[in-house]
Structure formats: C-alpha cells, structure tokens
Amino acid sequence: MRFRLQFLTWLLPLVALLSGAPVHALTLHYQAVDLPDSIAGSDLWRYDYQLSGSVGSFESVNLLYSPMSYSHLDLKAALDSSRWSSLLIEPDPALPADGILSLTAVAPQGASEQTDFVLEFIWLGSGTPGDQPFDLLDDSFNVIASGSTVPFGAPAIPEPASLPLLVGALGWLAWQGRRR
C-alpha cells in the first residue's frame, strides 16, 4: 500500500509536467482543384499541399495513391532542394501497387515551418478526389507515424504524445488498485 502511494506521488507530477509539453504532430493539408482536361476522356486534377510540423533530417513523408483512383502523377512545384529531396513512383494497376510521392528532409523542418507543393494527376475514381494516406518514416525507413491528409479549413486533430498517455494509464491503474 505504501509503495503505491509513493508511486502515485511521483507519477502524478510527472504526468502534469509531460502533458504540458508541446506535441508537434505532422499535418498535411490539401485542396483538390479540378483542371481543364487536356486529354479527351481523362479527368485532370491538382492537389495543392501544405506540410507543417516537425520532420527530422533524413526522415521521409510518403503519400500513397491507389492505382484504382490515380494515374499520371506529376509533381509540379519544385521543392527547395536545400531542404527536400523528392521521388515520385507511378501507381501500377497491374501489380496492383500504390503510387508514392516520397519527400525526404535534407535539413530538419521545425514545428512552425511549412512546405508547399503541388501534384497534378488524372483522377480515375468517381466524384471528387479526397484525402490520401501518408506515412512518416525515420532515417532507417521505419514507419514512426501514419495519418491522412486534411482538407484546408478543416482543423487537424493533434495526436497526444505516447509517454503521457502511458504514464497516465499507469497512474490510473495504481490509483484504482489503491482504492481496493
């Protein structure tokens, strides 16, 4: 019983301290723009993107495009080569394999910085193109976060940090055990 009480007196201030630390979630906003069709029978669109949040050196953001919905991906706005390296892989419906737009940070991007870029594509789906899944990879190509792009004007919901959640859960369990 005494151990649990000591544990709680140590744990609760730590939770308060950690939960006050800023959480810098990676956010990708987009706007889908219908373009005049240059090829008969095709539906040309453009995504205007804005990436914000912390990205470390040699971390990558991979946007994924389904081969059933996208073709002819074309990165239109050149990214600052002193900050970003890009790789664009076309979706392949024969495999089927998603198309990938991979952006690798050559220099770290701070939480308050933003990167804008534009991607044109032919839309194969019905209706209006929507959000796209993305992964954040560390410098060893491990997925460290996943999410979906968010339309401009929609609030991005930041994800809570893992450590405060874990510490809070342990504190709650210790408190519940103390009550019994």
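Predicted model: local features only at pLDDT ≥ 70, side-chain atom pairs only at ≥ 80, totals over all residues.
## About the model

Local features here need pLDDT of at least 70, side-chain atom pairs count only at pLDDT 80 or more, and totals for chains, interfaces and linings use all residues. Residues are numbered from 1 along each chain as its sequence is written, and side-chain values use heavy atoms, with hydrogens and water left out.

## Aromatic pairs

A pair of aromatic rings is described by the distance of the centres and the angle of the planes. Rings of Phe, Tyr and Trp (its six-membered ring) pair if their centres lie within 6.5 Å; planes under 30 degrees apart count as stacked, over 60 as edge-to-face and the rest as tilted. The structure holds eight such pairs. In one of them, the ring centres of Tyr30 and Tyr47 are 5.4 Å apart and the planes lie at 85 degrees, so this pair is edge-to-face. It links distant parts of the chain, 17 residues apart: Tyr30 sits in strand β1 (residues 27-34) and Tyr47 in strand β2 (residues 44-52). Strands are DSSP runs (E, at least two residues), numbered from the N terminus.

Tyr65 and Tyr70 also form an edge-to-face pair, with 5.1 Å between centres and 75 degrees between planes.

## Burial and the cluster

Tyr30 and Tyr47 are both buried (under 20% relative accessible area, with exposed over 50% and partly exposed in between; 1.4 Å probe, protein chains only). Tyr65 is buried at 0% relative accessibility, and Tyr70 is buried at 6%. These four tyrosines belong to one aromatic cluster, together with Tyr49, Phe117, Phe121 and Trp123.

## Ser85

Ser85 lies in strand β5 (residues 84-89) and, at 38% relative accessibility, counts as partly exposed. Beyond its neighbours within four places in sequence, Ser85 is in contact (heavy atoms within 4.5 Å) with Ser102, Leu103, Thr104 and Val106.

How values were computed: Helix = DSSP H or I, 4+ residues; strand = E, 2+ residues; numbered from the N terminus.
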